[in-house]
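Colleague: I am new to this one and would like to learn how to read it. Could you walk me through a few features, step by step?

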Amino acid sequence: VWFLSYSKVNSHIINSAKETSPVCRILCIHGAGSTDQIYVRKYSNPHGNLSNYLINYVQENSMELLALQLPGRAGRSLENCCTDIKTLIDDFYPVFFNHFIGDINIKNNADIVPWILVGHSMGGLICFELLKKIKFEFMRAFQDILKFKQEPISEQPDFITLLRKKRIFPELLLIMSTCPPNIPETDFPWRKNRYLDNEEFMKECKEWGMNEGAFKKLSLIHI
């Protein structure tokens, strides 16, 4: 239910004669105002003449693409939306763990397929919280194989290195159109739209390089 597009975008794996693991897994999380289709739609542009480069790359390189579909929209529109990211992560984590990590022996070499984590806008914040969840879930598991130090295990460089070495943490984290959650709102590179009047909003958009053609329409709309 979390990956509604799985069979469509991973037919190269499902229909493969060889039962082998993918070379890499890519977990993509969309933002608040979109759906999984920003990653898995057939064409990358509205005119339908530019194929989806991500899907082509995944299929050509024997990768697995998992585009998360949040509840309350698109194919899950009959479900209730999550009201906070922590609840969302708690619901999703068992599914993530079974598919991406599985039953590994942390004291030996891990047999985990390398994976990449991608998040757009609010999806970036979900990525951050997912990594926090992974980090704290594995703290107890690694406690007995790391030397005791005065600082908490979660802050020890050896601990983070171990998570990466065993591929429990992703090979790459890619976050777009959002700020790290530890940055104060006063330091954001943009201003919240709800605090801006029409002229201020258009000025903000221009500073971010929006196409001039859009402002002819915006000037007729009271925001």
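Modeller: Gladly! Keep in mind that this is a predicted model. Let's begin with one side chain and its surroundings. Setting aside its neighbours within four places in sequence, Arg73 is in contact with His30, Gly31, Ala32, Gly33, Ser34 and Thr35.

Colleague: Where is the place of Arg73?

Modeller: Arg73 sits in the loop between β2 and α5 (85-101).

Colleague: Is Arg73 buried or exposed, and which side chain of opposite charge is nearest?

Modeller: Arg73 is buried, yet it has no salt bridge. The nearest side chain of opposite charge is that of Asp36, 9.1 Å away, whereas a salt bridge needs the charged atoms within 4 Å.

Colleague: Which backbone oxygen does the side chain of Arg73 reach at 2.3 Å?

Modeller: That is the backbone oxygen of Ala32. The backbone oxygen of Ser34 also comes into the picture, lying 3.4 Å from a polar atom of the Arg73 side chain.

Colleague: Thanks, that is clear. How should I read the sheet?

Modeller: Here is the general idea: strands of a sheet pair through backbone hydrogen bonds, either parallel or antiparallel.

Colleague: How many bridges join β1 to β2, and how many join β1 to β3?

Modeller: There are 5 bridges between β1 and β2, and 5 bridges between β1 and β3. To find these pairings on screen, look at Ile29, whose bridge partner in β2 is Leu68, and at Leu27, which stands opposite Leu117 in β3. Further along, 5 bridges join β3 (residues 115-120) to β4, where Met176 is the bridge partner of His120.

Colleague: Why is β1 largely enclosed by the rest of the structure?

Modeller: Count its buried residues: 5 of the 5 residues of β1 are buried, so the strand is largely enclosed. Arg25, Leu27 and Ile29 point one way from β1, while Ile26 and Cys28 point the other way, and all are buried.

Notes: Residues are numbered from 1 along each chain as its sequence is written. This is a predicted model: local features need pLDDT of at least 70, side-chain atom pairs count only at pLDDT 80 or more; totals for chains, interfaces and linings use all residues. Side-chain values use heavy atoms; hydrogens and water are left out. Two strands pair if DSSP finds at least two bridges between them. Helices (H or I, at least four residues) and strands (E, at least two) are DSSP runs, numbered from the N terminus. Buried means under 20% relative accessible area, exposed over 50%, partly exposed in between (1.4 Å probe, protein chains only). Lys and Arg count as positive and Asp and Glu as negative; His and the chain ends are not counted. A polar contact is a pair of N or O atoms within 3.5 Å; within protein, one must be able to donate a hydrogen and the other to accept it, and residues adjacent in sequence count only if both atoms are side-chain atoms. Contact means heavy atoms within 4.5 Å.
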